[in-house]
Amino acid sequence: MQTRVLGRTGRTVGVVGLGCWQLGADWGEVAEDDALAVLAAAADAGVTFFDTADVYGDGRSERLVGRFLAERGAGAAITVATKMGRRADPHVADAYTLDAFRAWTDRSRANLGVDTLDLVQLHCPPTEVLSRDATYDALDVLVAEGRIAAYGVSVETVDEALTAIARPHVATIQIILNVFRRKPLERVLPAATVAGVGIIARVPLASGLLSGRYDEHTTFAASDHRAFNRHGEAFDVGETFSGVPYDVGVAAAREVAALTPVGATTAQLALRWIIDQPAVSAVIPGARNPEQARGNAAAADLAPLDAATAGALERIYDERVRVHVHDRW
């Protein structure tokens with residue numbers, strides 16, 4: 001698989017990674033054996049970057065990744081990013097302290113079975129956290145203590161991303177980027193390129209909309225955020241279908257699907273569009289089964305999209321989606 005440097009971590013990773021939220025919670029039930037099979041399929045397909053978080057299944061995702069790495073052995077050569085901060089209750093800026101960072105990362109280190117975490121990202125913290133010198137001072141302490149090797153920030157908005165990029169030791173920014181969420185192309189990706197900060201593109205398939213498999217009659221399990229968070233009831237609504245109203249997204253996704261190259265899937269088309277952005281270090285689609293993991297990894301083998309296809313995707317965004325998302329995040 002094609003590789004890129006993961007920002008200021010200096011690590012080289014495959015351009016298609018694996019998002020491990022689905023292996024923890026909020027996407028319906030995924031059995032432990034099925035989750036381990038997904039991890040194995042991804043690694044066997046050339047994926048070398050796993051992204052998880054301490055709150056995915058209250059640590060279940062981290063523990064599954066840790067178990068897989070232990071069983072696979074040192075030859076796995078997987079870079080693991082995790083996240084911290086959403087365990088704070090209440091989730092307020094003042095909860096982001098050095099003591100909390102130590103406790104959260106110690107728990108993640110135990111879950112993953114490692115002494116030093118490869119990359120820790122603040123998990124969509126309150127906006128105020130990103131402007132505080134104390135935040136980055138505390139993260140620098142974690143690096144100095146050997147708890148973490150590098151740190152980044154997962155954000156909701158373009159402005160939050162730009163605030164974090166300006167800090168000298170921020171290694172990566174994780175942000176929603178897909179053909180239905182194009183705003184980061186305007187300022188975030190150029191700023192990250194200049195600063196040498198890696199971009200991790202999350203929610204690349206708009207919670208599955210861009211797989212082309214959903215229609216107006218599709219239903220989701222009660223434990224699936226696509227059922228319970230459509231209006232932001234549990235967390236930022238932008239994390240569910242990229243903030244696009246479901247009916248709008250289904251209609252737009254049909255137009256995207258019509259552009260799918262022969263021999264490819266609509267999901268691969270959507271992932272290839274992200275890979276075509278040179279500022280992106282890695283895109284992290286999730287997977288519920290090995291077939292999905294292998295299919296996502298294969299997006300890296302597609303040829304770059306031609307100008308006509310890229311232009312058509314932009315038109316779909318402008319005509320159907322922009323009004324719903326562009327000025328919100």
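Predicted model: local features only at pLDDT ≥ 70, side-chain atom pairs only at ≥ 80, totals over all residues.
**Entry 1: helices H1 and H2**

I began with the place where two helices touch, and I noted that Glu32, Ala35, Leu36, Leu39, Ala40, Ala43 and Asp44 in H1 meet Arg60, Leu64, Val65, Arg67, Phe68 and Arg72 in H2. Sorting these residues by class, I found eight nonpolar and five charged residues in the contact of H1 with H2, and no polar ones.

Next I looked up how the two helices are placed: H1 covers residues 32–44 and H2 covers residues 60–72, and their axes come within 10 Å and cross at roughly 55 degrees. Angles under 35 degrees count as roughly parallel and those from 65 to 115 as roughly perpendicular, and H1 and H2 are therefore oblique to each other. I also wrote down that the crossing of H1 and H2 is right-handed.

**Entry 2: helices H2 and H3**

I then turned to H2 and H3, whose axes come within 7 Å and cross at roughly 40 degrees. H2 and H3 are therefore oblique to each other. In this contact, Glu62, Arg63, Val65 and Gly66 of H2 meet Arg107, Ser108, Asn111 and Leu112 of H3. By class, I noted two nonpolar, three polar and three charged residues in the contact of H2 with H3. Val65 of H2 is listed in the contact with H1, and Val65 is listed in the contact with H3 as well.

**Entry 3: helix H5 and what surrounds it**

Which residues of H5 are buried? In this helix, which runs over residues 158–165, I found Val158, Glu160, Ala161, Ala164 and Ile165 to be buried. Seen down the axis of H5, these buried residues fall within an arc of 160 degrees, so they line one face of the helix. I looked up what covers the buried residues of H5, and the list includes helix H4 (133–145), strand S7 (151–154), strand S8 (170–176) and helix H6 (188–195).

Of these neighbours I followed up H6, and I found that the axes of H5 and H6 come within 10 Å and cross at roughly 10 degrees. That angle makes H5 roughly parallel to H6. The contact is made by Val158, Ala161, Leu162 and Ile165 on the side of H5, and by Val188, Ala191, Ala192 and Ala195 on the side of H6. The residues of the contact of H5 with H6 divide into eight nonpolar, no polar and no charged.

In H10, I listed Ala293, Asn296 and Ala297 as the buried residues. They cover an arc of only 100 degrees around the axis, which puts them on the same side of H10. Among the elements that cover the buried residues of H10 are H1 and helix H9 (266–275).

I went on to Ala299, which sits in the loop between helix H10 (290–297) and helix H11 (307–325). Is Ala299 buried or exposed? With a relative accessible area of 0%, Ala299 is buried, since buried means under 20%. Not counting residues up to four places away in sequence, Ala299 touches Gln268, Leu271, Arg272 and Ile275. I also looked up the C-alpha atoms of Ala299 and Thr265, which are separated by 8.7 Å although the two residues are 34 residues apart along the chain.

In helix H11 I checked Thr309, which counts as buried at 14% relative accessibility. Leaving aside its neighbours within four places in sequence, Thr309 is in contact with Leu259 and Leu269.

**Entry 4: backbone angles**

I finished with the backbone. Most residues other than glycine have a negative phi, and most peptide bonds are trans.

The peptide bond from Asp89 to Pro90, however, is cis, with omega near 10 degrees. Pro90 belongs to the loop between strand S5 (79–84) and helix H3 (98–112).

Cys124 is not a glycine, yet I found a positive phi of about 45 degrees there. Cys124 is in the loop between strand S6 (119–123) and H4, and at 8% relative accessibility Cys124 counts as buried.

Val203, likewise not a glycine, has a positive phi of about 50 degrees. I located Val203 in the loop between strand S9 (198–202) and helix H7 (225–228), and with a relative accessible area of 14% Val203 is buried.

How values were computed. Residues numbered from 1 in each chain as written. Heavy atoms only, no water. Buried < 20%, exposed > 50% of the residue type's maximum accessible area, 1.4 Å probe, protein only. Helix = DSSP H or I, 4+ residues; strand = E, 2+ residues; numbered from the N terminus. Arc of directions from axis to C-beta. Contact = heavy atoms within 4.5 Å. Axes fitted to C-alpha atoms, helices over the stretch in contact; angles between N-to-C directions. Parallel < 35°, antiparallel > 145°, perpendicular 65-115°, else oblique. Left-handed = near helix turned anticlockwise from the far one by under 90°. Nonpolar A, V, L, I, M, F, W, Y, C, P; charged D, E, K, R; others polar.
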